[in-house]
Amino acid sequence: MPIPPGPFTGRTLAQLARDLRDRRTTSTGLTEQALGAAAALDPGLNAFVTVDGTGALEAAKAADAELAAGLDRGPLHGVPVGVKDLIEVAGLPATMGSRHFAGYVPERDAACVTRLREAGAVIVGKTTTHEFAYGPTGDRSANGASRNPHDPSRMSGGSSGGSGAAVGAGLVPLALGTDTGGSVRIPAALCGVAGFKPAYDAIPADGVFPLSRSLDHVGVLAGDPEGCLIAYRALTGADAPAPVEPARVAWLDTSDLFEGDPEVVATVRAAAGELPEVRLPDGFAEEALRTYRVIQSCEAVAVHADRMETAPQLFGAEVLERLRGAAQLPGWSYVRALESRERLAAVADGLFARHDVLALPTAAVTAPLIDEREVTAAGRPVPVGVALLSLTCPWNVLGLPALTVPAGTVAGLPAGLQLLCRPGDEPLLFAAASRLLP
């Protein structure tokens, strides 16, 4: 059975901002709703690792006082927000989803959290992450699996699974996540909300525990794409004017990357409408997937090598197995992957020669069951990680902005439409989302 809708289900960030300024609500009232929903609904979701009721209410009262005095920090001022437990918030535990960091409490905010506070947002708590963000399923964490609000027996997706579940269940209207190969977009798609991975380094990653430093992106999840745009602008200061001409959008044939569930692909393509079709150049898919795997694997081992040697027993079994496998890759493979990345970027630029935005499914399957490690796609069994990551990870290799938006359901479970653009074309990306899915 789905989780009952929380207080922010169907309420957009834009609506909340208007309600706060028109005195139809207060930040204190919104924060109390978020805290009440977390207490009542989160036991069935495990979206939050830590809820900071005292700190959130203090921040909400301060936000109300500032708004009443005429100090308006922008559309996030007074809005309750969840923050992935990979991102440091001063005074709150940061577990990274791992027993290695049990009891760790940072003294400083991550740079993106500083920007949230400067924008007046109210941090409600820390959301569940797959252990060290090393997995797309969201069901391997020291504090247990985060669960899908549409069916708690199923995955939220990962690694920002708690953020996806919290926004998808309406516990908060906005959450921060990180995305190394799809970790914002996958849970957003599986939980039926919008998620945006900006261009690489658009939102600073200082104070965010790394998985793969050259692939990691900080991103946002909200109920709709406009909410993602509002948060993105607040966190980056980006305020490009709306495009004069409509975005040129094409459907990207992803069969070379992964042949997904035909019902999912058909549902997403129908949501996108009639579009011209483009295909990836020969060999691109294989090279992109291999390049992603090698870069992520080598950089992840570099982060965890000391822990693997001194305290391997503190890792979850699945993550430790992945790290040990990654450690077997030779050094030359990383050097070649970096060279391959440059070639891929040049080739990918040609995909946008005649189109501003490319449309494709976000995940090729709907949410698998918790602990499921093999799914059926196109009539054949495949590893669950491959099914979830294959359509998202190439764009981290290239650092492209990527947005996922809800695109309907298959057997009652959400499917997501992913939109890609070149860095600098974000206004066209969001304009396309508004036009395709009004």
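Predicted model: local features only at pLDDT ≥ 70, side-chain atom pairs only at ≥ 80, totals over all residues.
Q: What makes a space a pocket, and what makes it a cavity?
A: The largest pocket holds about 590 Å³, a volume being the space filled by probe spheres set on grid points that are joined across faces, edges and corners. Its lining has 21 residues, and those nearest the centre are Arg322, Pro383, Gly385, Val386 and Leu389. The elements that contribute two or more residues there are α9 (284-310), α10 (317-326) and α12 (384-389).

Q: How is the lining of the largest pocket divided by class?
A: There are nine nonpolar, seven polar and five charged residues, where Ala, Val, Leu, Ile, Met, Phe, Trp, Tyr, Cys and Pro count as nonpolar, Asp, Glu, Lys and Arg as charged, and the others, Gly among them, as polar.

Q: What is the volume of the second largest pocket?
A: The second largest pocket has about 370 Å³, and of the 30 residues that line this pocket, Thr9, Gly10, Val167, Gly168 and Val193 are closest to its centre. At least two lining residues come from each of α5, β14 and β15, and β14 provides the largest share, three residues. By class, the lining of the second largest pocket has 17 nonpolar, eleven polar and two charged residues.

Q: How many cavities of 30 Å³ or more does a search of the whole structure find?
A: The search finds two. The largest cavity has about 50 Å³ of space, and its lining includes Ala133, Tyr292, Arg322 and Leu389, with five nonpolar, five polar and one charged residue in the division by class. The second largest cavity, of about 30 Å³, is lined by Ala189, Leu190, Ala363, Val365, Pro414, Ala415 and Gly416. Two or more of these residues come from each of α6 (185-191) and β15 (413-420), and β15 gives the most, three.

Q: Is Phe132 buried or exposed?
A: Phe132 has a relative accessible area of 0% and is therefore buried, since buried means under 20%, exposed over 50% and partly exposed in between, for a 1.4 Å probe and protein chains only. Phe132 lies in the loop between β3 (122-127) and β4 (147-148), and its phi is near 55 degrees, a positive value in a residue other than glycine.

Q: Does Ala411 count as buried or exposed?
A: Ala411 counts as exposed because its relative accessibility is 79%. Its phi is also positive, near 55 degrees, in a residue other than glycine, and Ala411 is found in the loop between β14 (402-410) and β15.

Q: What span is expected for helix α7, and what span does it reach?
A: The expected span is 1.5 Å times one less than the number of residues; α7 (residues 225-236) has twelve residues and reaches 16 Å from its first C-alpha to its last, close to the 16 Å expected. Among the buried residues of α7 are Cys228, Ile230, Tyr232 and Leu235, and just after α7, Gly237 takes a positive phi of about 80 degrees.

Q: What makes two strands a pair?
A: Two strands pair if DSSP finds at least two bridges between them, and β1 and β3 pair in the antiparallel sense over three bridges. Eleven strands form an open sheet with mixed pairing, in the order β1-β3-β2-β6-β8-β7-β14-β15-β11-β9-β10. The edge strands are β1 (48-51) and β10 (277-279), each pairing on one side only.

Terms used: Residues numbered from 1 in each chain as written. Heavy atoms only, no water. 1 Å grid on protein atoms, 1.4 Å probe; cavity = no way out; pocket = protein on both sides within 12 Å on 5 of 7 lines; lining within 4 Å. Helix = DSSP H or I, 4+ residues; strand = E, 2+ residues; numbered from the N terminus.
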